[in-house]
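Please keep the sequence and the model in view while reading.

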Amino acid sequence: MTETRSLVSRSADLSPAPAADEKLFIQRRDILAWGRAERRTQRWARPRFRDELGPLLGDPTWPHKLATGLRRSYGDSCLDSDGALVDMTGLDRLIAFDPLTGRLRAEAGASLSEILQRIVPHGWFVATTPGTRFVTLGGAVANDVHGKNHHGAGTFGASVLALGLLRSDGGRIVATPDDEPDLFRATVGGLGLTGVIEWVEIALSRIPGAFLDVEILPFESLDAFWSVAADSVGKAEHTVAWIDCVTGRGRGVFTRANWDATGGVAAHDDRSFRSVPVEFPGFALNRMSVAAFNELYYRLHTMKAARQRQPYSTYFYPLDSLRNWNRIYGARGMRQYQCVIPWGEERAALPALLAEISRSGQASFLAVIKTFGDKPSPGMLSFPRPGTTLALDFPNRDDVTLSLMGRLDSIVREAGGALYPAKDGRMPADMFRLSFPRWQDFARWKDPAMNSDFWRRVSQ
Ligand SMILES: Cc1cc2nc3c(=O)[nH]c(=O)nc-3n(C[C@H](O)[C@H](O)[C@H](O)COP(=O)(O)OP(=O)(O)OC[C@H]3O[C@@H](n4cnc5c(N)ncnc54)[C@H](O)[C@@H]3O)c2cc1C
């Protein structure tokens, strides 16, 4: 594995400029974020080689650009309808992997899915993973994503050893926690606004096998959830819970898991997928169908064996087996709401949030609750902070949904909480500024030629 420290080059390489009549970006109406609620035309290009990036960033037709990954962000942080998107998924090569030390460097468009297929058979895993493996390395860094092991491992950024950044002035900068530390902390969780991440080097975690020993613990109330979550710290590497947001009572199913040494080290297979072929009709998801699903889900889990061995793909990525599952929300799409409530405020704020959601009758069945640990996130704009995080989807019913979210915002603000930009498409600018107090420090590191619909909304 090559050493990456002090590889700083500021050579201008954005030339040659494209010929005047050559269009580098094409117009597309089908480029959507995961929530599918916002439908705006995007200019888009998908380079295959790193030397194509310079001309794309330098294209004067569009004054600003935004690098994107697999667009698993739900709202407008991965869209730039005023500028042009540089889709990084064609830059997906593995550059170096040392199976002895677990250091891996890959181009930023490589997905966690591809990386896991290469490393799991060698007994390695990414140090933290979100609830889908269909995210790119660049996207995981730019949102400083968190996983079910946040209470022990912190965020994805904690495992980043180095990253290669291309700025719009042509500078190629290698940023690590020690070299260019401010640019590193701006880029981790920096929403793609500091430049294009070309490659990322990460420290992997050793695993004894590809299975987890999973304990399933139904709970009847939020108090019971916090008590089992506290009991699990130090006992379980991974924890997460599903919560029933229809009844508003706070019942749910907690799972905690540790890696298991039995069962082998075979990686997952992405070929045997089922897919949602078309958008579901709008009436398919209503209060009654969601309530029925929740009842069934809760009952099934109270009857299930309390302990199971599950392959990592089942435990970490239950939704990934159904391709395009976001189409079940129909043509109007959905909006996700993910907040974090700091410790000390949770016992007032979480019941209030659940009551408001239950009263609205708008909750879907996809609702997750989890506690964050106190390992500081490296990024200036990282979302995780010590407390309880609640994330749930709402079928998009325009003003009705937005008005509910506004009411939820009041509770989150009152509690000193924050919303997750990766899941957001509508948080008010003042709420962002209040809950991400380092946003002005961050703005000094923003590349003037990078922008997003999200940033325009919250920074102006
Ligand atoms: C089913 C599901 C479960 C999820 N679970 C979790 C979870 O448990 N925890 C969590 O934290 N998140 C979770 N997410 C959100 C997801 O992990 C993040 O939105 C992630 O950043 C998406 O990565 P992506 O490659 O799709 O990036 P995109 O969504 O395409 O982009 C995300 C951001 O990264 C920037 N970006 C992407 N590539 C580059 C690059 N090469 N250079 C510079 N900037 C770049 C974009 O500009 C954008 O700001 C989940 C999403 C889904 C759909």
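## A lysine and a sheet

K148 touches T129, G131, E237, H238, T239, V240, Y315, F316 and K370, leaving aside residues up to four places away in sequence, where contact means heavy atoms within 4.5 Å. The model is predicted, so local features need pLDDT of at least 70 and side-chain atom pairs count only at pLDDT 80 or more, while totals for chains, interfaces and linings use all residues. Residues are numbered from 1 along each chain as its sequence is written, and side-chain values use heavy atoms, with hydrogens and water left out.

K148 lies in the loop between α3 (137-142) and α4 (150-153); helices (H or I, at least four residues) and strands (E, at least two) are DSSP runs, numbered from the N terminus. K148 is buried but has no salt bridge, and the nearest side chain of opposite charge, that of D320, is 9.5 Å away. Buried means under 20% relative accessible area (1.4 Å probe, protein chains only), and a salt bridge is a side-chain nitrogen of Lys or Arg within 4 Å of a carboxyl oxygen of Asp or Glu. The side chain of K148 does reach the backbone oxygen of F316, at 3.5 Å.

Eight strands form an open sheet in the order β16-β12-β14-β13-β19-β20-β18-β21, with antiparallel pairing; two strands pair if DSSP finds at least two bridges between them. Because β16 (307-311) and β21 (418-419) stand at the edges with a single partner strand each, one side of each is left without a neighbour in the sheet.

| Helix | Strands touched | Angle |
|---|---|---|
| α6 (residues 222-232) | β12, β13, β14, β19, β20 | about 10° with β14 |
| α10 (residues 399-414) | β18, β20, β21 | about 5° with β18 |

Notes
Axes fitted to C-alpha atoms, helices over the stretch in contact; angles between N-to-C directions. Buried < 20%, exposed > 50% of the residue type's maximum accessible area, 1.4 Å probe, protein only. Lys, Arg positive; Asp, Glu negative; His and termini not counted. Polar contact = N/O pair within 3.5 Å; in protein donor to acceptor, adjacent residues only side chain to side chain.
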